[in-house]
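Please look through the structure below before reading on.

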Amino acid sequence: MSRKTMYALFAALVVAAMVLTACGGGGGDADTSIKVGAIHDLTGPTSDVGTPYAEGIKGYVAWRNANGGIEGRQVELISADYAYKVDQAELLYTQYVQEGVVVFQGWGTGDTEALRGKIAADKIPFMSASYSAGLLDMEAAPYNFLVGTSYSDQAIIAIRWAMDDWAAAGNEGMPSVVLTHHDSPFGQSPVEDAAAFAEANGVAFISLPMPGGVTDYVAELAQMQQFGANYVIVHTVSSPAAVMVKDAASQGMTDSVAFVCMNWCADEGFIELAGDAAEGVIGTIPFAPPSVPVDGHADADAWLKEQGSSLSEASLHYTQGWWTMALMAEGIEIVLKNGDELTGENIKAALETVQNFDTGGVTSPLSFSATSHRGNTSLRLYEVQGGSWAAISDYISAE
Amino acid sequence: MNSGIFHSTYKADMGLRHTFHEKLRWVIFGILMLVFPFFADRYYLTLANQIGIATIGAIGLNILVGYTGQISLGQGGFMAVGAYAAAILTINMGMPWWASTIIACLVTAIVGALFGIPSLRLKGLYLAIATLASQEIILWVVTHWDAVTGGVDALVVPAPMLFGINMSTDFNFYWLVWALAGVTALLTANLFRTHFGRAFIAIRDQDIAAEVMGINLFKYKLLSFATSSFFVGMAGALTAHYRSIVTWERFTIDVSVLYLAMIIIGGLGSVRGSFYGAAFMTLLPAILSNVGRALKSSLPIVDSILPFIQQAAFGLVIILFLVFEPEGLNKMWKNIKDYFRLWPFSY
């Protein structure tokens, strides 16, 4: 390619891009469709779990539209990949708000934190897969709704279970618990609340950050053993958790110490990566995995089977996205049923009236109020048995 | 027809803009910039503001990398210093936003100079790794120094007010960021007409020769780090005031790489190139995603592969530029101008 052709090509690309951008947008029935904005991580660092979550949101919208939409109106999902880049998230958010979306589906801690001021100013109800308890502050984040059990509550539930399990095994006193976490705001989020709960109950507790970019966690495991840990709560994503559990298994540590994964490491990916070492690991999972069928899985499964797939192929993060979108749709439906104007403010008010929203057993019932956007405080515990997650408890509450 | 630009006075020789056409283009560009915000919607204003901030940051990085030849992968970290300094000063000490911005720039300059110390002994790849370390160290401090940076939680910065006007709205911020970008560009362009700037360039071209000529390498390398970081800190501080929320996830290594890509594509060692690069790298993903949306209805497959095209395009653009026009968009623009100026008798 000569330099001249290169220039011609460049010029042609610029012109084509401009023309296409100019006629971009549009689509959908402007009058009746309900615009929902969303950003997904399909190519970024969290794309392994971000992709099925995004598919879940898209799947719910497609299913709902195929079944007549919300109150007869179709849902138009405007979404794009943002590769976990905060600047991209902001740009896409601004673009979609400009185009008239009334609600917004985010994804990670980065974008949720960065956007919470904007969404409050724009009055756009916002849900994401970040369950940081900091988002429950009604002054700082009045438009954020937490659909999953918060990380703090998950950690407290894990400690509560550890206390019961310890007593049930005939041990005296209280167990020693370690919370090992991803070294980031996401990971540190539950530490303070968990430490306070442990102290109030006389449980010996330490928290231990997991350094990133390492190939083994032998040093961290040694620290845990020195502390005399009986239970280790792991709050990170599945791949480092799998490495840690594998290391622990090879040291024979898993015989005497129970590992409890919180929701971002307790998934199908973790079992795949950790293999045999995953057996017996406990998980605090707010959204029932497909391996434990409940009524709330039926619609998603039937929909996926129509597309030639199935829920067990799609993973539990699909269910997570599906039901997060379902709750948002519930808020929209209430507004439309009341005959109110479809604005972010009205949808927020409608969501705040939701009481005991039934997810068919996928989560414990979700309730919101004007003073609390904490969907639920309880979940079931699961255990890896024979290569898949199996339920081992009824709903345990953090309160 | 012109066969070249010849100056008959020293004043003309020293001018920043030489020809009538150059001046005319600047007037047109200026008018466009002044009119733009009155016609643009919020999306385009956000894009413009992002380009403005990126321009300031890219000019800052270009001083260090393009003009002084010191490779830096610490851009994200230095922006974080600026953003956190501005946020902390505003929140904890109740400083007005403009004062916190100025101090944040100075703080970043000091931090930049500090991390520039290894540059005396390290060159090229080794320096790149040293600055990469500064990126990691700064982010580690930001996320772990709870008492000062708030650690886990994002910092919420109060809205910047100027005479009772909220400057963080897209429309108002446009004026602020582009005024500052203009000042930054002017200062930098003039910097390289002083002996400081010429010393920077001499160090880039041949550091040993520069030392022989009496340039104190240590002093000027540190000065270059400080000047560069000053503007990078400004970009960080402006981000803090514009977005009103500061989180560490905005300043990761990705940002350092993105800015390096900006100045490579725009043109190393060129103020205008910094602007072209900032605009290009901000608009590229936006254009790609809009093109994708436009094509989605006619070609459904685009929807599923678009994210990967976006990722690939980023790499492809950099490679193509390195192969065909290593001097970047700035040189391309010059070539285009030359083509028309000399047409039809180009040589």
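A residue is called buried if 20 or more other C-beta atoms lie within 10 Å of its own, exposed if 12 or fewer do, and partly exposed in between, with C-beta atoms placed from the backbone. By this rule, buried residues make up 54% of the 399 residues in chain A. The model is predicted: local features need pLDDT of at least 70 and side-chain atom pairs count only at pLDDT 80 or more, while totals for chains, interfaces and linings use all residues. Residues are numbered from 1 along each chain as its sequence is written, and chains are lettered from A and ligands numbered from 1 in the order in which they are written.

Chain A contains 14 helices and 13 strands; helices (H or I, at least four residues) and strands (E, at least two) are DSSP runs, numbered from the N terminus. The C-alpha trace of chain A spans about 70 × 65 × 45 Å along its principal axes. Two residues are in contact if their C-beta atoms, placed from the backbone, lie within 7 Å. Among contacts in chain A between residues at least 6 apart in sequence, 67% join residues at least 24 apart.

Chain A is divided into domain 1 (34-149 + 293-368) and domain 2 (151-285 + 381-397), with bounds that come from an automatic or database domain assignment. The centres of these two domains of chain A, taken over C-alpha atoms, are 28 Å apart. Where they meet, 13 residues of domain 1 of chain A are in contact with 15 residues of domain 2 of chain A. On the domain 1 side, α2 (47-66) and α13 (316-337) of chain A each supply at least two residues.

How many residues of α3(A) are buried? The count is 12 of the 13, so α3(A) is largely enclosed by the rest of the structure. Helix α3 (residues 86-98) of chain A reaches 18 Å from its first C-alpha to its last, close to the 18 Å expected at 1.5 Å a residue, where the expected span is 1.5 Å times one less than the number of residues. Its buried residues include Leu91(A), Leu92(A) and Tyr93(A). Their cover includes β1 (34-40) and β2 (75-81) of chain A, together with α3 (42-67) and α13 (271-296) of chain B. After α3(A) comes Gly100(A), which has a positive phi near 95°.

The contact between the chains takes 32 residues from chain A and 33 residues from chain B. On the chain A side, α3(A) gives the most, with 7 residues.

A nonpolar core is a set of buried Ala, Val, Leu, Ile, Met, Phe, Trp, Tyr and Cys residues joined through C-beta atoms within 7 Å. The largest one has 214 residues, of which Val177(A), Ile233(A) and Val245(A) touch the most other members. α3(B) gives the most to this core, with 13 residues. Domain 1 and domain 2 of chain A both give residues to this core, so it lies between them. Leaving aside neighbours within four places in sequence, Ile233(A) is in contact with residues including Ala155(A), Val177(A) and Met262(A).

Most residues other than glycine have a negative phi. Lys123(A), not a glycine, has a positive phi of about 60°; Lys123(A) is in the loop between α4 and β4 (126-127) of chain A. Lys123(A) counts as partly exposed, with 15 C-beta neighbours inside 10 Å. Ser244(B) also has a positive phi, near 60°, but Ser244(B) is buried, with 21 other C-beta atoms within 10 Å.
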